[in-house]
Amino acid sequence: MPEIKFDTLDAIPEGLREGAKEVDGKVIINVVPKAKLDEFRDTNIALSAERDTLKQTAATLQEIVGEDPEAFQASLEEMRQTTQQVKDGKLKGTDAIETEVNSRVSSMKGDYERRLQEAGQETKAWKEKAMTADQKFRQSQIDRAVTNAVLADDSGAQPQALTDILTRAYKTFVVEDDGKLVAKDGEATIYGSDGASPMTPKEWLEKLRDEAPYFFKQSNGGGAGGAGEGKLPNGMAAEDFQKLSGAEQLRLARQGGRK
């Protein structure tokens with residue numbers, strides 16, 4: 001996992017101090033420990049199971065009212081009208097039959113109205129929960145894919161910029177209903193270098209290097225005035241940026257990401 005060295009423990013941002021260790025007079029932190037990656041995986045599995053449970057529950061509730069709640073409501077109204085006709089004497093028979101009909105209609109009407117009201121309330125609540133779980137699941141898919149791309153050995157990205165990179169990724173990537181991660185510009189798909197497949201997180205990071213080079217490790221070669229140096233925070237040259245402490249680099253990178 002990527003590690004960053006600091007001169008002292010106080011120089012490390014508070015949120016990254018957990019797990020810091022001292023080596024050769026320096027304080028070293030693992031920016032994205034294995035426990036964090038395990039958390040991404042476990043969260044993804046839990047959200048998948050929760051979403052499946054919510055969908056199954058919603059389907060069970062739908063069996064009560066059927067596919068057409070309006071038709072179910074119309075049946076109740078028809079029973080109300082029948083009851084009223086019996087009370088008005090328009091439907092006549094023996095006293096025993098009339099009494100039995102009134103009793104049964106009244107019982108069925110009350111039971112169906114109660115079940116309809118309860119089913120409507122529960123269906124709404126479960127749909128809201130299912131939607132929330134689905135949104136969390138989709139975001140976890142983006143988190144995992146982009147995090148893997150950022151932490152790849154050849155990405156060149158600054159690990160401490162992961163949070164800001166993910167914020168930008170949420171504006172580009174969506175998870176479609178089939179579970180596939182797709183880069184979008186509005187409703188249009190953004191294609192990768194082959195012109196046929198959607199752009200991958202790795203390809204997106206390569207484009208992000210041009211837009212926000214301060215999220216990436218700077219090369220020591222090339223001299224001043226390189227193509228990407230003018231875009232560093234405060235117009236700083238790459239060589240000067242590399243001389244800063246880890247904490248100062250993190251502060252300037254976050255500041256630049258808010259522009």
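The sheet I want to go through is an open one, with three strands in the order 4-5-6 and antiparallel pairing. Strands here are DSSP runs of E with at least two residues, helices are runs of H or I with at least four, and both are numbered from the N terminus. Two strands pair if DSSP finds at least two bridges between them. This is a predicted model, in which local features need pLDDT of at least 70 and side-chain atom pairs count only at pLDDT 80 or more, while totals for chains, interfaces and linings use all residues. Residues are numbered from 1 along each chain as its sequence is written, and side-chain values use heavy atoms, with hydrogens and water left out.

Strand 4, residues 173–175, and strand 6, residues 188–189, are the edge strands, and each pairs on one side only.

Take strands 4 and 5 to begin with. They run antiparallel and are joined by three bridges. Phe 173 has Ala 183 in strand 5 as its bridge partner. The hairpin of these strands has five residues between them, and Gly 179 takes a positive phi near 90° there.

Now strand 5, residues 181–185, with strand 6: two bridges join them, again antiparallel. Lys 184 is bridged to Thr 189 of strand 6, and Asp 185 to Ala 188. The hairpin has two residues between the strands, and Gly 186 in the turn has a positive phi of about 70°.

As a general point, side chains in a regular strand alternate between the two faces of the sheet.

Arg 104 sits in helix 3, residues 95–151. Is Arg 104 buried or exposed? Its relative accessible area is 55%, so it counts as exposed; the cut-offs are under 20% for buried, over 50% for exposed and partly exposed in between, with a 1.4 Å probe and protein chains only. Arg 104 and Thr 83 are 21 residues apart in sequence, and their C-alpha atoms are 9.7 Å apart.

For the whole protein, there are seven helices and six strands, in the sequence pattern β-β-β-α-α-α-α-β-β-β-α-α-α. Of its 259 residues, 31% count as buried. Among contacts (heavy atoms within 4.5 Å) with a separation of 6 or more, 56% are between residues 24 or more positions apart.

Last, confidence. The pLDDT, the predictor's confidence in each residue from 0 to 100, averages 78, and 75% of the residues score at least 70. Over residues 221–230 it is below 50, and this stretch has seven contacts in the model beyond near neighbours in sequence. Where pLDDT is low, the predicted coordinates should not be read in detail.
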